[in-house]
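Thanks for coming, everyone. I'll go through some rings first, then some strands.

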Amino acid sequence: MTIAAASLAFILAGCSQNEIIEGSQNPDNAVNFGLYTPKTKGTVTDNSGTTTNTTSTATTGIRDTGFGILASYTEGKTFDEINGTTSTSTMDFMWNQLIDHKVTVTDGWGYTPLKYWPNQSSDMISFFAYAPYRVAEDAYIQVSNNTYKGYPQIKYSALGGLASAEGSDANLQSSPDLVVAQELNRERITDKTKVEFTFNHILTRVGMTAKLDHTLTSDLGNAGKTHVVITNIEIVGKALPVSGTYTYTANGKGDWSGLGYEDINLAGLINLSKVTIATTSADKANYEKNNAIEVTDGNVATNLFKGDGINETSEYLFLPPVNGGLAANVVTVKISYDIVTIDDALNLGYSITSAIAEVGLPEGILKKGMAYTLNFTIYMYKIEVDVDKIEVWDETDINQARDIHK
């Protein structure tokens with residue numbers, strides 16, 4: 001029986017960019033790189049991280065993961081002139097080249113083998129960058145191979161389904177953010193040997209919080225207090241994109257295609273732990289639920305994902321975006337929860353009812369480069385008792401009953 005309901009509000013924010021500028025090694029006439037990185041919080045790809053090497057697991061920032069570059073040499077023609085109506089250019093200058101952050105390199109960024117600009121100053125190279133860097137057979141991010149012709153592509157799977165292993169909901173907690181940048185038709189003299197990138201987010205990011213419509217209290221203290229415990233969250237409707245292919249385009253905006261849709265269980269992302277609610281009698285067992293999260297406040301929302309939603313340890317749901325935004329109510333969030341009230345008069349020491357709230361996601365969300373926080377409010381409806389009607393008993397019936405037992 002459902003005795004509570006949930007509603008949804010959401011906050012969206014564009015993923016902003018910061019002013020961080022980084023350089024790289026600078027031998028004469030070498031191709032060097034500078035970096036403007038998007039600045040956001042959490043397990044997103046930003047310019048955070050250590051400065052020692054790319055093996056640290058401290059953050060998911062570019063300083064730890066490095067970024068990858070694909071580059072095509074088109075001699076004296078632009079990338080579009082070479083490709084025209086038929087794509088012919090391959091990534092013949094760089095392919096999945098790791099650019100990493102090392103303290104031994106001036107200004108931080110370096111790579112090997114070092115490449116040099118063509119001697120002809122009018123010759124052009126087009127660069128396509130992405131982060132975080134991943135090896136060729138990664139389960140989440142894969143770039144098009146070195147023989148692919150035309151604008152390169154990046155395949156993405158939030159479920160980690162690109163490698164030989166089949167994707168799984170459990171992999172959502174490890175799905176990375178993805179940012180890209182490109183610099184087309186760069187020449188040595190105009191570039192002054194340095195290529196500077198401005199990275200942009202191309203996924204959509206989702207966080208979740210929950211609160212009660214009011215804070216639950218009891219005149220009896222803990223003896224009569226009610227608790228709300230979330231036990232699971234799913235997203236259903238077969239209209240949620242979890243995989244797709246991003247293609248770089250001439251205007252730098254890129255296109256998503258080949259989207260794959262799945263229902264997903266968010267257990268791997270939710271900040272689950274063992275919830276224990278104490279009864280008031282020593283001879284009655286406590287309410288205990290493994291892998292759950294209690295929502296206790298009607299004023300302050302509880303962050304449902306691991307972390308606090310603010311610092312770099314927080315996790316989010318990263319997905320390929322929906323072009324133009326999601327249609328209304330084609331995707332539903334199902335929140336399963338228990339409502340527990342401590343009551344020593346009961347055999348268990350508490351009453352428990354379980355409910356599933358289904359909330360359709362609003363129209364227009366899940367756009368590229370946007371971050372959303374879905375704020376769920378669980379409404380609690382009290383069961384009240386009132387006196388509806390009073391009638392006088394028929395004393396005749398009582399007397400007849402007594403007569404039977406004479």
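Start with the aromatic cluster. Ring pairs connect Phe79, Phe128, Tyr151, Tyr246, Tyr248 and Trp256. Keep in mind that this is a predicted model.

How many aromatic pairs are there by the ring-centre rule? The count comes to 13. One of them joins Phe67 and Phe199.

Phe67 belongs to strand E4, residues 67–73. Phe199 is in the loop between strand E11 (194–198) and strand E12 (200–201). The two parts are 132 residues apart in sequence, so this pair ties them together. Buried or exposed, Phe67 and Phe199? Both Phe67 and Phe199 are buried.

Next, charges over rings. Lys115 places its charged end over the ring of Phe93, 5.3 Å from the ring centre. Arg205 lies over the face of Tyr316. Here the distance to the ring centre is 4.0 Å.

On to strand E13, residues 204–212. Eight of its nine residues are buried, so the strand is mostly covered, with buried meaning under 20% relative accessible area. Which strands pair with E13? Take strand E24, residues 370–380: it pairs with E13 in the parallel sense, over eight bridges. Strand E21, residues 317–319, pairs with E13 in the antiparallel sense, over three bridges. Strand E20, residues 302–303, also runs antiparallel to E13, and two bridges join them.

Zoom in on Val206. In E21, its bridge partner is Leu317. In E24, its bridge partner is Tyr372. Then find Thr209, which has Asn303 as its bridge partner in E20.

Last, an open sheet. Its four strands come in the order E8-E9-E15-E16, with antiparallel pairing. Which strands stand at the edges? Those are E8 (141–143) and E16 (255–261). Each has a single partner strand, so one side of each is left without a neighbour in the sheet. From one strand to the next, the twist averages 15°.

Inside that sheet, E9 (residues 153–157) and E15 (residues 241–247) pair over five antiparallel bridges. Lys155 stands opposite Thr245 in E15. As a reminder for anyone reading along a strand, side chains in a regular strand alternate between the two faces of the sheet.

That's my tour. Over to you for questions.

Definitions and conventions:
Residues numbered from 1 in each chain as written. Predicted model: local features only at pLDDT ≥ 70, side-chain atom pairs only at ≥ 80, totals over all residues. Heavy atoms only, no water. Phe/Tyr/Trp six-rings, centres within 6.5 Å; stacked < 30°, edge-to-face > 60°. Buried < 20%, exposed > 50% of the residue type's maximum accessible area, 1.4 Å probe, protein only. Lys NZ or Arg CZ within 6 Å of the ring centre and 35° of its normal. Pairing = 2+ DSSP bridges. Axes fitted to C-alpha atoms, helices over the stretch in contact; angles between N-to-C directions.
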